Amino acid sequence: MADIVFRNVTKRYGNTLAVDDASFTVNDNEFFCFFGPPLSGKSTILRLVLGLETPDTGEILIGGRPVNAMSPAERNVAMVFQNLALFPHMSALENVRFPLVERRVAEAEIKRRVTDVAAKLHIGHILHKPPGQLSGGERQRVAIARALVRDPNAYLMDDPISALDARLREETRVELKRIQRELGKTLIYVTHDQEEAMSVADRIAILEDGKIRQIGTPAEIYDRPASTYVARLLGSPMMNILRSARGDGGVEAAEGTIRIDDKTAPADAVEIGLRPEDIKVRPWADGGPGRPARVFEVEPLGGYTVVTLAAGQARLKALLRGQPDIRPDAMVAISCEPARVHYFEQSGGALAR
Ligand code: ADP
């Protein structure tokens, strides 16, 4: 069992609150992702888990044992660093063996563990090569193998694939998810890429200025963001958030250009949120339901199209399937299912209906 628990953990650097009263549990075998903008505290949390930093207040437990007073070695948590720093003068095999040789593990045991890890990471056929002859993705797998060969309680990754190009990143994140599932180990993963967080994580913790704003599965956070801050962080294009007011029989936004027929809308809502994929767009001439808006810009992206709409003074982004025949300056009718509308209060918090 290697669950990782933070209880009211705070870490300051001078006047900076890097981690502010953080409490969370990463379950055994979970792929747990910290996501947030730069300087929100992600790396500090990893360093606190590793034991490179100690909390000012609060308690950290790994596998049920308090670790505040334990050295990094005693915690046995492995880190896969961002720069994938392999030793260039050693072969991939020597790189993977290194942590065990360093710990004077018996040769037979080294062979057994290296063979096991190499099979799981599909790198048996490249172990004879030096890092310079490996592709970015192969180097990635060798670096992970080197971290895992120690058989750690848990492993941590700090933005491990941000240096790769876009296509390789997509491949590698699928690979990482598969590896984590096969290894059955607790993984704490830091990323600043929202798509990556959504695609790999069992659960995500959203950070802002050292504070945890929401923890949940990707679907929970996407469908029920706790605040406008969280709502804007996940989703591309991001959620449209508009000032709103109660009108006849519902909620109005964008100078009445948008009307949501929702008698159950919470009374203290001051903003509504509409995901781009929840906005329906029809040609105005069709006469169907919907409010008038003007097409401002059209971005065809192959499988889908982003349409920017001018509704009153507001600009909205809608995400449509395929490549609909919509041109700039056309009038369209827009609508949104009331059940898909998000409501927010003055402070930005989400409101239940
Ligand atoms: P992230 O990983 O999300 O970019 P960090 O954990 O690196 O965020 O940083 C959180 C905050 O703590 C930032 O304001 C950063 O400037 C500060 N910080 C991090 N490490 C140090 C340090 N060693 N000394 C001083 N301030 C630090």
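User: Which side chain meets Glu299 in a salt bridge?

Analyst: This is a predicted model, in which local features need pLDDT of at least 70, side-chain atom pairs count only at pLDDT 80 or more, and totals for chains, interfaces and linings use all residues. Residues are numbered from 1 along each chain as its sequence is written, and side-chain values use heavy atoms, with hydrogens and water left out. A salt bridge here is a side-chain nitrogen of Lys or Arg within 4 Å of a carboxyl oxygen of Asp or Glu. At 3.9 Å, N to O, the partner of Glu299 is Lys317.

User: Where in the chain does Lys317 lie?

Analyst: The pair links distant parts of the chain, 18 residues apart. Strands (E, at least two residues) and helices (H or I, at least four) are DSSP runs, numbered from the N terminus. Glu299 is in strand β16 (residues 291–300), and Lys317 is in strand β18 (residues 314–321).

User: Is Arg173 buried or exposed?

Analyst: Arg173 forms a salt bridge with Glu195 (3.3 Å, N to O). Buried means under 20% relative accessible area, exposed over 50%, and partly exposed in between (1.4 Å probe, protein chains only). Glu195, at 45%, is partly exposed. Because its relative accessible area is 15%, Arg173 is buried.

User: Which helix holds both Glu182 and Arg178?

Analyst: Their side chains meet in a salt bridge at 2.7 Å, N to O. The two residues are four apart, about one turn of the helix, and both lie in helix α6.

User: How many salt bridges are there by this rule?

Analyst: The pairs above are among those counted by the 4 Å rule. The count comes to 24 salt bridges.
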